[in-house]
Amino acid sequence: MTKPLKQHLIDPEICIRCYTCEMTCALGAIEHDDNNVVVDASKCNFCMDCIPVCPTGSIDEWRVVTDPYSVEDQFGWDELPDQQEIGETEADTGLEAIDETMAALLAEAHKGAGGKAKAPASASKPTINMYNLGKPAQATVQGNYRLTDETSDSDVRHIILNFANLPFPVLEGQSIGIIPPGTDADGKPHLPRLYSVSSPRDGERANFNNLSLTVKREDRGVCSNYICDLKQGDTVQVTGPFGATFLLPSDPDAHLLMICTGTGSAPFRGFTMRRQRENPSLTGSLTLAFGARRQGELPYFGPLKKVPESFMKKLFAFSRREDGPKQYVQDKLREEAAQVATLLQDPGGYIYICGLKAMEQGVEEALSDIARSVGLDWTSLRDTMREDGRYHVETY
Amino acid sequence: MLDLINVSYDTQIPNNVGLSSDKRVLKALEKWHPGYINWWSDLIPQNFQESLIYLRTAVSVDPKGWAKFDYVKMPEYRWGVLLAPQVEDRRIPCGEHFGEPAWQEVPGEYRSLLRRLIVIQGDTEPASVEQQRFLGLTAPSLYDMRNLFQVNVEEGRHLWAMVYLLHKYFGRDGREEADDLLRRSSGSEEAPRMLGAFNEETPDWLSFFMFTYFTDRDGKMQLESLAQSGFDPLSRTCRFMLTEEAHHMFVGETGVGRTIQRTCEAMNAAGITDPYDIDKIRDLGVIDLPLIQKKLNMHYTLSLDLFGQEVSTNAANAFNSGIKGRYMEQRIDDDHKLEGDTYKVWDMVDGKMVQHEVPALTAINMRLRDDYSRDAAGGVGRWNKIIAKLGVQFEMTLPHESFNRKIGVFADKLFDPTGNLLSGAEYDAGEANWLPTHADGDFIQSLMKPCTEPGKYAGWIAPPKVGIDNKPGDFEYVKLHMA
């Protein structure tokens, strides 16, 4: 089988044939007849210049195809064809990112879900790949704050990037690429590294066009050291946004169980802040299970304490406590088995897991045991939830 | 080096033309600015001025930068001077100077012609804001209210664009003309706007959608032909305005389309199959399709009048001198001079409609009008697809171009919408079927009740298929100021 291809299409039911995209396209990849405006797959290089100029929103349509639809096919359309089922390999057939490297990284991170991830039905439509290696966005560092205790050997940082006038539409749960300066051992420029955004869509500070990242300094990590050393006023080259499934449902009735360790808390900070800004009066619909070695190493411990328990139930697990036995997030899930079981059986229940790969096994075992205790088979339950866009894993 | 892509905010007036180093023009514009702000403040009802509107603002003239969305109070919208990037070695695309380098300064012999064209274009921009000033009070949704205000602030910016050209290139005359653009007022007895259609009222939202579909489309065609101008600053100005104008086309096409959709859906739900069962359909609180057709007839024909006389020496001069090109001039495969070419135009000979060939140079208006009609027909076809998809037996059509005309060869004669010449009595007997009556207007007016809850829509219009800037259905496009 030939490798599937991501094809850019225009929705003929929404397009008003103003031809602004056609006039914008530097490659002449967009053309029209008396019926439709279409994109020639053999010419489009995904520069995304046509996306913001469209007044209608008809232009941001993508299908993964084995054989691209020809220009003639598209001229004949009255409506867009549905996405065909062409395979389960996310890296090849998903639409999390247009460029292959980023798609592969995200596919690897999503592997723990046991199959191809789907976005929550009520999630907002994400923008992907607006900026790429050839045309990155430039952001300015607005702040860089250490989140972990000074005495800890774990250096986790809260970085705020400001895009000033540049449009950078991002949703909670999406990631961005940071391009570290310099070259690798082969003398090639570094590829971007992916980081989850930890602020809500309208900005770290609402309507200020900035976003935050939660980054842990890794021993000899080229990019993490670069980011953790950034000073206020430094400029950073950014690609993305990426990711189209690990997203927050817009439905205020959705119940979320968010399970994370360390910097895996980043997307959940975004989720929580979004909910706080949009539906501050909701109660009992968010649960956070958050693990770290110690309290002083748990990112955002202070601010989290201020979130009322009625708004978000918080289960902290510390694996190196002086005052008690080691605890992991899965232990906390087992302690709250009854509540987790209710959520597993709720069609409005969502599970998100984010953190180190190592956490996956323990968490899944706990979920599996809890499912079994109410007479459910975890694997098929998980597959159903995932197909419904209600089970999400992003681990690294 | 001057940055001519990104919008500079180092003066009061955002721009990409290096205003901060052009003291004379900057001073002139700063002098004009308070008058503009006063005009805007007097125009738009106060509580909307204080409301936060989710608007699109250009922050640069390259594709990534001209659609940045944010909440803005309208008086704080960054009206500015934005020109499309200069094309290197651009040549005059038409007329007797074809192939010569485009002018960066106004050629002396065309000065008054150019100024007049710019003033006419400029006069339409504030006029439409004046016509639409009260529509915010009856918006069928926050989404539609946002779209209205987006159209309004961009028309305001287009005025800025024309005023910049007047100040920059036309000295004292230009300054006086710029002041007059704020002195004239739509529908005024003493100082009306220059073109007829811009002194008509826009009393309701269907009129607004029809206006943005048909009348703004005339604007688009005029901008398209001015974008071909050999006077490069005018060309660059109009090219950037076209990117904004596309949004206005969108508001019109989808507004009418959503109105039609809602009517058909309501008819289906009530089991009404006859689109002419007007009383029953109106009882459902939706606008019957025959009335939508009547509104279409009116707005289309008013807009045709904006193209002027079919045969015009003024238009010939503008083309021949390279001041104004044809629609898509660069894509037309001819000598771009029209030497010896002919074009078919309508005429009335011995009381009969005839088409005959005239020198193409004199038929520039007619040609642009034909291009306009083709462009306008596209959306009508898409409206018909909505009707067909919902299974209703009805088809919208563009009336014959002789119908209801006040300018050109068909003026002073009476025709029906299919183009049959009528006596006065015949016309009087049929008029109520072809053009909206007072009663029709009153009915539409009775539906104009504001709907300001996020995600909710008035009963006569369907919600849009997709939100602005990918926003979900219940997005609060306008945070209304509560006095």
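## Exercises on packing and pairing

**Exercise 1.** Determine which residues are in contact with Val163(B), leaving aside its neighbours within four places in sequence.

*Solution.* Val163(B) is in contact with Trp32(B), Gly122(B), Ala178(B) and Leu181(B) once those neighbours are left aside. Contact requires that the C-beta atoms of two residues, placed from the backbone, lie within 7 Å. The model is predicted: local features need pLDDT of at least 70 and side-chain atom pairs count only at pLDDT 80 or more, whereas totals for chains, interfaces and linings use all residues. Residues are numbered from 1 along each chain as its sequence is written, while chains are lettered from A and ligands numbered from 1 in the order in which they are written.

A residue is buried if 20 or more other C-beta atoms lie within 10 Å of its own, exposed if 12 or fewer, and partly exposed in between. This core has 219 residues, of which Val163(B), Met258(A) and Ile259(A) touch the most other members. H4(B) gives the most to the core, with 15 residues. Another core, of five residues, lies apart from it and includes Phe403(B), Phe410(B), Leu414(B) and Phe415(B).

**Exercise 2.** Describe how helix H4 and helix H5 of chain B pack.

*Solution.* Helices (H or I, at least four residues) and strands (E, at least two) are DSSP runs, numbered from the N terminus. The axes of H4(B), residues 142-169, and H5(B), residues 171-183, are 7 Å apart, at an angle of about 155 degrees. H4(B) is therefore roughly antiparallel to H5(B), a term for angles over 145 degrees. Axes are lines fitted to C-alpha atoms, for helices over the stretch in contact, and angles run from 0 to 180 degrees between N-to-C directions.

H4(B) contributes Leu159(B), Val163(B), Leu166(B), His167(B) and Tyr169(B), and H5(B) contributes Gly174(B), Arg175(B), Glu177(B), Ala178(B) and Leu181(B). By class, this contact has six nonpolar, two polar and two charged residues. Here Ala, Val, Leu, Ile, Met, Phe, Trp, Tyr, Cys and Pro count as nonpolar, Asp, Glu, Lys and Arg as charged, and the others, Gly among them, as polar.

**Exercise 3.** Characterise the side of chain B that touches chain A.

*Solution.* The contacts involve 21 residues of chain B and 20 residues of chain A. In chain B, strand S2 (68-73), helix H7 (232-270) and helix H11 (364-389) each supply at least two residues. H7(B) gives the most, with six. The classes on this side are 10 nonpolar, five polar and six charged residues.

**Exercise 4.** Give the strand order of the open six-stranded sheet of chain A and identify its edges.

*Solution.* The order is S8-S7-S10-S5-S6-S9, with antiparallel pairing. S8(A), residues 193-196, and S9(A), residues 210-216, are at the edges; each has a single partner strand, so one side of each lacks a neighbour in the sheet. The twist averages 40 degrees from one strand to the next. S6(A), residues 156-162, is joined to S9(A) by seven bridges, and Val156(A) has Lys216(A) as its bridge partner.

Terms used
Parallel < 35°, antiparallel > 145°, perpendicular 65-115°, else oblique. Core = buried A, V, L, I, M, F, W, Y, C linked by C-beta atoms within 7 Å. Pairing = 2+ DSSP bridges.
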